[in-house]
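Biologist: Please take a close look at one helix pair and the surroundings it takes part in. Give me the terms with their cut-offs as you go.

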Amino acid sequence: MIELYHIWKQYQKPDWALKDITLNVNQGDFCFVTGPSGSGKTTLLKIIFRQIFPTHGQIIVDGRNILRISDHKIFSLRRTMGIVFQDFRLLFHKRVFDNVAVVLQVLGFSRKEVRRRVFNALRMVNLNHKMWEYPSHLSYGEQQRVAIARAVVNNPKIILADEPTGNLDTELAFEIMSLFTEINKKGATVIICTHDRELIRHFGKKIFFLYKGKLLREETI
Amino acid sequence: MIFQKIKYFQRETLNNLWQFRARNIFSVTIICLSFLIVGIFVSLSNNLQYTAQQLSKDMVVVFFLEKNMDESDRATIEQEIKKSSLVKGIKYISSDQAMQNFLNKFPELKEIVDNLNTNPFPTSFEVTLSEKDFSYTETQPFLNKMKEMKGIEDIQFNKDWVEKMQSLSRLARAVGFFLGGILVLASFFIVSNVIKLNVLARKDEIEILRLVGGTNTFIRVPFLAEGILLGALGGILSLLFLFIVIRLFPVYLGASLGILSELINFRYLSLSQSIAIISSGAVIGFFGSMSSLAKFLKT
């Protein structure tokens, strides 16, 4: 599903953010990318959804070399992915409903269908009762769940999550991680970047260990 | 699907216009003032043009003929005058008729005329010129040519007023377009910057839309619609204010201008001029938005 070949990334000379990363994620995998801060986890995710380009290397996602997709066609790749950002990236001037609905509006779904899907996605993260609230009125954990609902509302093939449980208490983190396993069970490939060892120990099936931009090892449990 | 997207664009555009209303009111005001100035000059120029047209309608060239001219020479001159495309109508005035016309105009001078032994009035052709062709460069060669002709003694043509009026009208229009052009250009940059501020304020939203698979067109349309609406609204408001100026001007200032009030007067813009102002506003808004979005939609 996702194949990375000899990926190198340099933001500024002489440091390398990623060094010769080669990895393979199969369809339906539930993977963790872990490592200390600055090890290149976020960079790796950004490269997969092509927010940034690698300095060297090739990436195949769903059979397509994504580096060869032109800028004005990149939307077709991103529509197959659901992304949960470390900082949530919610629109604070829009209600929870609109935050989730934006993904479906991009695709031109009917208002009725948008309402149905958004409701289901919010029910899945147990936030359907807060659909008409503004994100600023929600707790940190609730905001995180809105971001997850937005990522899954379109039933994407791939879910990418960057530290989705960062700053959450263990109970809430487990709850959110259970959500990802649920989504994974429905067939989505999930890649989660985290440095939370407890979560990895509990949920990890395939784990990539990064250190200073290098892939140290890969474990399958 | 397209229908859903159109509904989405409509909702987004209206929401955005409302959300950033203070900034938007500012840009509408700037566009409105710029076009109001253009409109005032176009309106003044319309009036001068109209006055010039009225004057040129009555514009008659009189060809005085030599005395004792025979019929055939007169017919040749008539043929020659009729040949010109500038001529709309021609009328032969005999000496007797000329005297009669004179007496009709100045009945108090009848006694003097009666005391004369002969009729002093020459025969003439009164020629009306077609208004649309009227211009110095076109009429002058025709008149020069006719002056050379045998049998024509003199030509009387009071064209100065019409020409002055026409050049004033052209001047008013040129000044209008020059000043207006500068202001419209300035308003383009202001609108562009106001929309840039709106775009900056929604930078995150644009990025999120891109990351969830929004196409450039999908992101761009609400901003462009916003720009077009702001521009067109500015144009419409400028026409509204111009209408007020035209209505109020004669009430407050018209009387104090005295004889000049005929010249310094406003005339309503024609439908095509009004449409041109509104669509120019829309075009400014469109390109203002377009230029400010370009940077954000590169990757």
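Modeller: In this predicted model, A:Val96, A:Phe97, A:Val100, A:Ala101, A:Leu104 and A:Gln105 of α3(A) meet A:Val114, A:Arg117, A:Val118, A:Ala121 and A:Leu122 of α4(A). Contact means C-beta atoms, placed from the backbone, within 7 Å. By class, these residues are 9 nonpolar, 1 polar and 1 charged. Nonpolar covers Ala, Val, Leu, Ile, Met, Phe, Trp, Tyr, Cys and Pro; charged covers Asp, Glu, Lys and Arg; the others, Gly among them, are polar.

Helix α3 of chain A spans residues 96-107, and helix α4 of chain A spans residues 111-124. Helices are DSSP runs (H or I, at least four residues), numbered from the N terminus. The two pack at about 120°, with axes 9 Å apart. Axes are lines fitted to C-alpha atoms over the stretch in contact, and angles run from 0 to 180 degrees between N-to-C directions. α3(A) and α4(A) are therefore oblique to each other; under 35 degrees is roughly parallel, over 145 roughly antiparallel, 65 to 115 roughly perpendicular, and the rest oblique.

α3(A) also faces the other chain. There, 17 residues of chain A are in contact with 17 residues of chain B. On the chain A side, α2 (74-78) and α3 each give two or more residues. α3(A) gives the most, with 4 residues. That side has 7 nonpolar, 5 polar and 5 charged residues.

Residues are numbered from 1 along each chain as its sequence is written, and chains are lettered from A and ligands numbered from 1 in the order written. Local features need pLDDT of at least 70, side-chain atom pairs count only at pLDDT 80 or more, and totals for chains, interfaces and linings use all residues.

How values were computed. Contact = placed C-beta atoms within 7 Å.
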